[in-house]
Amino acid sequence: MTLCHKAGVALAVLAAAFVAGCGGSGDSRSKEVVLVTHDSFAIPKQVKAAFERESGLKLRILQGGDAGEAVNRALLTKGNPQGDVLFGIDNNLLSRALDEGLFEPYKAGGLDQVDNRYLLDPTHHVTPIDHGDVCLNVDRKWFASRGIAAPRTLADLREPRYRKLLVVENPATSTPGLAFMLATVARFGESGWREYWRGLRANGVLVVDGWEEAYTARFSGAGGSKGTRPIVVSYATSPAAEVIFAAKPPATAPTAVVVDSCFRQIELAGVLDGTKNVAGAHVLIDFMLSERFQTSVPESMFVLPVRDGTPLPDAFRRYAVSPARPLELPAAEIGSNRDRWIDEWTRTVLR
Amino acid sequence: MLSVRGARVAMGGHEALAGVDLDVERGTTVAVLGPSGSGKSTLLRAIAGLQRLDDGSVTLGGRSLAGVPPHRREIGLMFQDDALFPHRDVAANVSFGLRMQGVAPPAAAARVAELLDLVGLGGREHRRVASLSGGERKRVALARALAPSPQVLLLDEPLGALDRALHDRLVTELRGLFDEIRQTAVYVTHDVAEAFAVGTQVAVMREGMIAQVATPERLWAAPADAWVARFIGLTNIDERGGTSFVTRPEGVVFRSDASGDALVISSHRDGPVVTLCARYDDGREIVSAHTGLAPLTPGARVSVEIDPAAVVEVPTTIAREAPHPSAGDAVG
Amino acid sequence: MDTNSPALRRGWHVAVALVPAAFLALFFAFPLASILERGLTSAGGLSLPAGTGALLWFTAWQAAASTLLTLAAGLPLAWAIGRFRFRGRSLARALVLVPFVLPTVVVATAFLALLPAGYERGIWAILAAHVFFNIAVVTRVVGGAWSTIDPASSEAAAVLGAGPWRRAREVTLPQLAPALSASAALTFLFTFTSFGVILILGGPGRATLETEIYNRAARQFDLHAAAVLSLLQLVAVAVVLAVASLLEARAGPASTLADEGSVLRRPIGRERIALAAVLTAAALVLVLPLAVLVRRSLGNWGALFRETPALLVEPWQAAVYSVAFASLAALIALVVGGLAAVTLARRPAGAVDGFVLLPLGASAVMLGFGFLIAFDTAPLDFRSSWWLVPVAQSLVAAPFVVRIVAPALRSIDPRLREVAATLGAAPARAWREVDLPLVGRAFAVAAGFAFAIALGEFGATVFVARAEQPTLPVAIFRFLGRPGAENQGLAAALAVVLAGIVVCAALAAERVAEGRGRAL
């Protein structure tokens, strides 16, 4: 072996040791708590450190995929879960998880600070942590420069002047896409929503698979995007994100939300059934409802806190929308009809 | 020194070696001569331990080599295509065997230098193998094989694919080298001239068996049978049933004679020797060889004089131990 | 002790073969079997879900079209790199590897920006992206083979009156046949199991087996359909590999191995123009998407060293973790793959060699799921262990190690070992002194490939990675999924870092390989 070979191997071994040292899987189970979640979960370092300091537990995070995938992974390992707490299940996915007995009930401390409309589960198998409605976003500059008024309602989208301007996500593969489809079901009812989508299809709607592509590549209002479509299905907090992450902070938000189209999206957490660290799970969920964590959610996850009185960052206060009466559907109804609706949607829009 | 008794090797349904006996005395070179397919390389590999014997034995210096693996036999091997280690330089190649013996680096380096001088490559220790010429590669392969002082050196057609002048020069050098260091060697070749030049004794092989072992002189004077005669270049053979009469070409003289009964059909000079071939009117051909200048050209009519001392009577085929499934002469 | 007894040697051989077999059984067969069993027993038998026929058809023909296009695009580049010596040759060879290792999400997004409106979705986009990804396979495999073809046979044909195209068709092409079919088989395999490209550039409604398996398993949690489709995919891939093996066997043994140093030459006359044209075209095709990425990344490089809520570590640390994991994965792949190669090289090339690539035909999401349910109880409860990441990565890298090292081992002249024996080297010693150095080059190449593949692996990693130790692809994906120009720019910057690491690694591997001498 040449010297440089030896050096390379030594380097790799050292690096591996570094990784192992940082990983430290030697801790006994009771000194750590494991959070299973999706890719959009984020927690600032100081907040995580604060938790670990106060609780004496090390927080390990396992994340991958979107909310639906995270829930499915939990369902896969039901009874012998990968972690102690699942965060990221939303009202659209709730009924199945409850039916399968994925969670153990726990009444979190701090629930008294949470508004009633977020309390979806009276049995406390799940605890609300944040909310972030799925709404249509429009590119204000695009519409202003052409002198067209931006759409104000869902029904507007069928008008010819909005032809080929809308991009949506496939509800079979995307959580916001699913939420938007449910919004149309909620608005137009069982009898009318398919007709609505036929109209959208005739009006040139573009369907893509995921939010990343829809927002960052297709939506003209996203910073740095080459997209050509000024209407997209995204989140009520996206305009605030555009302001925060803009290269140069603009005077006003470049995008706006179509309030009429918003569909309620509440994100919940629950103690996974079969976990060996129930005490740690409880501590974590309590922490997630605490002011410290709730204050961090807007800027880390682009969602709004459920805890009353949590201070919001400036951009969120100004540009993030929290509609008083968003569109909603009962979780049970979603659970029993979702697959059928997705099938019918696919037949109506894609085939 | 080296003794092979009753060696038998069966390969793919036929016998590559069909009962070979061979003795090699210390300090001599035995040239194993035969056409391709006669089993020469198999014999060599069997002696080296690279080929298992189905029957028979190999003894070296009185010690039986049965069950001894190749790396313990103290037998050197030089291949036709050198098989030098491409990833090492000359010194590393030559010193390989010494390293395996555990010789200390300074002593090894000294021996390498000594051997390179011996083969005429003094000072080339650090040349890369890829940059060597054909002749240089042979010499390195030889030095490498000799370095661990093997009791016997086996050479498998080592001088193939070389140009004529280099080939002849190396043959002479090899012979001289072996004599000088008193190396015991077994030298396999299909080239008669090479075998005669190199070998103290020549063993002629045919279809897995030894047809004759003799000095070159003896072989030329008294071939064992018509096949051997034909193989070593005595083409004037008159077969009469079980007996054949072999006439040495140097005992045939053509005299220019307008009323002669033969016509010269070819004339060929190889160095100092001229070989002429004439056809009798009845169709038989006869070959004459002599030194000196040759005024005779193809088309000349000649009469043929044969010295009776140059004619020897041999059996057409010598008795063979085992009947051979593939009958017929191997092409020489 | 007689170290040469046949029994002991056979024991050694068995032990050597057992290590990779056990590794594969534990980390591949077992998890896969677990998840398939779970899926198949959850509902009715082996019934194929509706629409499978169309799915299979689309998967197959887009793979075939991609393969043909990749061959067409890669051959000129292989010719350039395999025949000529020119400045920047090493760099060109290394750059060609970059698309191979970039995460598909990144590349697909870059392509979306590049392609003209109207073509950015659909079959043409898929084909373009596939060519971009797989051109490395054709270039390196065919180019490598080309530089070992003895030019003497082509020269002989020229003397006999054959013009350049005729020579190419009748002399060169047959000699390249094994390399061509090998690279075609590999490309077909990759494009058949392609996932990210189909997902993003195909648009909704376009699905291949792999994306459908992902949808059913991860999104819809329909394990039964996913399991059936996975089995179907495995069978289909096995068929592909069998056909490829047959083609390779029919094509005959590799041509006379000339020394690369003696084959490469400087281009003359019209060749220089052709060479320049090919290199320019290749540069455009390969560099343009990367240029898009670089442009996106501008202005965000500082953010690499700042904390961001999207990751638990500063972004630059993802690079460190990536390199650490990939190095370990490459090491594992070299050991496991190397031992497998030694075992396979004992036999002449045959069907078994083709099946070495079978693990690549298993769906990454099913394998990941398999990890989750197979390794959840003691004594096998390591699904949360950090070292499962390099293990998962090594599963994709090891087959390549075998495919590169086994032929090299086979090509060693057995006489060299015999000579070593007559010079006193016992079999094990002969192996160490002769075989090992001669395959050093192949090992270096394999190490480079394994490292690059491990770096870019994403599918299975995502199931076992921990958020505190993100790899570059995981981090890139994380940033891509968040709104805001800065996040997109950070994703692009990390992608550029990833590309940079790969180029450096490939160049280093080339340097080591060349330094060891050219003999194979």
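Domain bounds here come from an automatic or database domain assignment. Keep in mind as you browse these views that the model is predicted.

**View 1. The two domains of chain A.** Chain A is assigned a domain 1, made of 29–131 + 265–319, and a domain 2, made of 134–263 + 322–350. Their C-alpha centres are 26 Å apart. Where they touch, domain 1 of chain A contributes 16 residues and domain 2 of chain A contributes 19 residues. On the domain 1 side, look for α3 (67–76), α4 (94–99) and α11 (314–319) of chain A, each of which supplies at least two residues. That side of domain 1 of chain A has nine nonpolar, five polar and two charged residues.

**View 2. Helices α6 and α12 of chain A, packed together.** Here you can follow helix α6 (residues 175–202) of chain A and helix α12 (residues 331–350) of chain A, whose axes lie 10 Å apart at an angle of about 10°. Angles under 35 degrees count as roughly parallel, so α6(A) is roughly parallel to α12(A). From α6(A), the contact includes Met181(A), Leu182(A), Val185(A) and Trp197(A). Among the partners on α12(A) are Ile334(A), Trp341(A), Glu344(A) and Trp345(A). Sorted by class, the residues of this contact are eight nonpolar, one polar and four charged.

**View 3. The two domains of chain B.** Now move to chain B, with its domain 1 (2–221) and domain 2 (226–315). Taken over C-alpha atoms, the centres of these two domains of chain B are separated by 36 Å. Seven residues from domain 1 of chain B and five residues from domain 2 of chain B make the contact. On the domain 1 side, β9 (201–206), β10 (209–214) and α8 (216–221) of chain B each give two or more residues. Five nonpolar residues, one polar and one charged make up that side of domain 1 of chain B.

**View 4. The largest nonpolar core and a separate one.** In soluble globular proteins, nonpolar side chains tend to be buried together. The largest nonpolar core in this model has 373 residues, and Val401(C), Val405(C), Ala446(C), Ala450(C) and Leu494(C) have the most contacts inside it. Helix α13 (residues 315–345) of chain C provides the largest share of this core, 20 residues. Zoom in on Val401(C): leaving aside residues up to four places away in sequence, its contacts include Ala333(C), Leu334(C), Gly337(C) and Ala446(C). Another core lies apart from the largest one; this core has seven residues, including Ala262(B), Val264(B), Leu276(B) and Cys277(B).

Conventions. Residues numbered from 1 in each chain as written. Chains lettered and ligands numbered in written order. Predicted model: local features only at pLDDT ≥ 70, side-chain atom pairs only at ≥ 80, totals over all residues. Axes fitted to C-alpha atoms, helices over the stretch in contact; angles between N-to-C directions. Helix = DSSP H or I, 4+ residues; strand = E, 2+ residues; numbered from the N terminus. Parallel < 35°, antiparallel > 145°, perpendicular 65-115°, else oblique. Contact = placed C-beta atoms within 7 Å. Nonpolar A, V, L, I, M, F, W, Y, C, P; charged D, E, K, R; others polar. Core = buried A, V, L, I, M, F, W, Y, C linked by C-beta atoms within 7 Å. Buried ≥ 20, exposed ≤ 12 C-beta atoms within 10 Å, placed from the backbone.
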